[in-house]
Amino acid sequence: MRILLVEDDRRVAAALSSALTRRGYEVEHAATVAAALSAAPCDLVLLDLTLPDGDGTEVCRELRRRSSQLGIIAVTARGEERDRVLGLRLGADDYVVKPFSMVELQARIEAVLRRASHTVPERDLIEAGAVRIDVAGRTVTVAGRPVALTRKEFDILLSLARQPGVAVPRDRILLDVWGTTWADRHTVEVHVGSLRGKLGEPRLVETVRGVGYRLRGE
């Protein structure tokens with residue numbers, strides 16, 4: 001899970017980056033409007049609204065124009081109601097006023113990422129190689145053979161099948177299936193092992209070392 005941290009205070013940025021990295025996120029720091037708008041694609045933006053070369057609200061407006069699915073949380077000392085309303089109207093998904101705790105910020109990050117992951121309408125039928133998933137009916141077949149899965153196993157397979165051939169980070173799977181990134185990652189390994197056994201083709205779900213898992217697209 002990749003986070004763009006837009007914050008001009010170097011000490012605050014260093015502390016936040018360290019805390020987020022310990023929680024499993026990949027963090028890129030931008031200290032200016034220009035750097036924020038030229039940064040690589042990410043899953044979520046933590047955006048300070050007071051920046052040295054411009055107003056963070058313009059960053060919010062432009063990032064939202066580029067993507068309706070990007071998670072944006074305004075993280076700022078501006079606590080007045082009019083500031084919060086403006087930030088939300090410009091496209092921020094949430095608004096956190098400094099000072100705040102990491103527990104609160106983590107909860108808000110997870111909530112925004114959950115909402116963002118469900119903004120794209122789910123296809124009724126997903127096919128990845130021999131795997132065929134009926135999303136509405138919650139049924140799975142492999143090469144025409146029905147496969148009975150538990151709810152968690154089905155949700156893990158669905159999380160992988162949305163991007164066949166692409167490595168899906170463990171944190172993304174935790175968020176999709178358990179609704180949090182704080183769950184024990186060993187839980188994912190256990191369920192993936194069971195899923196592989198039921199699919200009958202262990203190589204269909206590949207482990208990507210240091211990242212997560214990938215569903216073979218062929």
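View 1. About 660 Å² is buried between domain 1 and domain 2, and carbon and sulfur atoms give 53% of that. Buried area here is the accessible area (1.4 Å probe) that two parts lose on being put together, summed over both. The size of an interface is often given this way, as the accessible area lost when the parts come together. Domain 1 covers 1-112 and domain 2 covers 123-213, with bounds from an automatic or database domain assignment. Taken over C-alpha atoms, the domain centres are 31 Å apart. Domain 1 puts 7 residues into the contact and domain 2 puts in 9, where contact means heavy atoms within 4.5 Å.

A word on the model: it is predicted, so local features need pLDDT of at least 70 and side-chain atom pairs count only at pLDDT 80 or more, while totals for chains, interfaces and linings use all residues. Residues are numbered from 1 along each chain as its sequence is written, and side-chain values use heavy atoms, with hydrogens and water left out.

**View 2. The whole protein, for orientation.** There are 8 helices and 14 strands in the protein; these are DSSP runs numbered from the N terminus, helices being H or I with at least four residues and strands E with at least two. The C-alpha trace spans about 60 × 30 × 30 Å along its principal axes. Take the contacts between residues at least 6 apart in sequence: 55% of them join residues at least 24 apart.

**View 3. Gln 106 in helix α5.** Look for Gln 106 in helix α5, which runs over residues 102-117. Gln 106 is buried, and its relative accessible area is 0%. Thr 180 sits 74 residues away from Gln 106 along the chain, yet their C-alpha atoms are separated by 9.4 Å.

**View 4. Helix α7 and the residue just after it.** Helix α7 (residues 170-178) has 7 of its 9 residues buried, so it is largely enclosed by the rest of the structure. Just past the end of α7, Gly 179 takes a positive phi of about 75 degrees.

Methods
Buried means under 20% relative accessible area, exposed over 50%, partly exposed in between (1.4 Å probe, protein chains only).
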